Amino acid sequence: MKSWKSILAVFVISLGVPLYFVIQDKSLIWSIVLALWVAAVLAGGYVVISRRHEHEKQILLRSFEEAAIRTLNHHRHDWMNDLQILYGYIRLGKIDKAVECVERIKERMNQESKISKLGIPSLVFFLQSFRTNGSNLELEIAVDQDMQLDKLSPRDGADLATVIMQTIRAYQYSGKVSCGETRKLLLGLRQNGPEIIVCFEVEGAVGDPELLKEQIYNVVQGKKMKAEQLHPSQASFELHVPCEL
C-alpha cells in the first residue's frame, strides 16, 4: 500500500487543473467541473483515510491478540510447572512439601484475583502481561484485599494507570545490569483513608536515583496525585492519589 500522505497530496495537487481553467476561462462549465473535482477529491481522501485507519486498527488488534496469547501461554507454563512440582511431592509421599506448594499456588491465585479486580482494564492487562516481555526487571505485586481502583473517576483512573505503567518503565530502563542479572520491583497498592497509596520499592541498582526521581515527578505533573520519595538515598517512591469513599 502506497503512502497515504502521498496519495492525499496527489489528490490536492490535482485540484490545480480545473482551478487553472476556472481562473483563465471563468466559465460556468469549469466552475461546475471544479466543484465536482473538489467533491471527488474529498470523497477519495475520505476513502484513503478510512482504509488507513482500518489498517492501523487491524495492526493494533493483532498486536493486542499476540500479547494476550503470550500472556496466556506464560501463565499456562507457570501453572504446569507448579502442578508438576506438586505431583512430584505427592508421588514421593512428601505431604508437608505438597501442602506448602498448594499454599503457594493459593497465594498466587489470590494475588492474581486481586489484580484482575482492580477495575482499570489497561492497567490489569499491563500488570498481568509484564512478566512475558522478557524484562530484566522482576515485578512483584502486592494488592490489599478488596482494592478496587474503579472508585476513581474514569479520567483519574486512566491517569493513574498511565502513571503506574510509565513509572514501572522508568525503573525498567534505569541503569544497566549484567547479562542474566535481574532486579526486583515491588509494586504495592493499598487504601489509606481518603487516599490510594501506590508504593514502588526496588532491589538492585537503578543507575542515577536523581534522574529516576525527576522522571517520576515529571510523570505525575499536572495530575491529581503527588509523588513522594521515601528516603533521599533510596529509589523508592509512593504515589498519593485522593479517592472519594
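Residues are counted from 1 along each chain as its sequence is written. Since the model is predicted, local features need pLDDT of at least 70 and side-chain atom pairs count only at pLDDT 80 or more, while totals for chains, interfaces and linings use all residues.

The protein has seven helices and five strands (DSSP runs, H or I of at least four residues for helices and E of at least two for strands, numbered from the N terminus). Going along the sequence, they come in the order α-α-α-α-α-β-α-β-β-α-β-β. Out of 245 residues, 32% are buried, meaning under 20% relative accessible area with a 1.4 Å probe, protein chains only.

Strand 5 (residues 237-242) has five of its six residues buried, so the rest of the structure largely encloses it. Strand 5 runs antiparallel to strand 3 (residues 195-203), with six bridges joining the two; here Ile 197 pairs with His 240 of strand 5. Strand 4 (residues 226-229) is also antiparallel to strand 5, through four bridges, and Glu 228 sits opposite Glu 238 in strand 5. Strands pair when DSSP finds at least two bridges between them.

What lines the largest pocket? There are 17 lining residues, and Arg 108, Arg 131, Leu 139, Glu 140 and Ile 141 lie nearest the centre. Helix 3 (28-92), helix 4 (95-116), helix 5 (121-129) and strand 1 (137-143) each give two or more residues to this lining. A pocket here is an open set of points on a 1 Å grid over the protein atoms alone, where a 1.4 Å probe fits, with protein on both sides within 12 Å along at least five of seven lines; lining residues have an atom within 4 Å of a point.

Key: Side-chain values use heavy atoms; hydrogens and water are left out. Buried means under 20% relative accessible area, exposed over 50%, partly exposed in between (1.4 Å probe, protein chains only).
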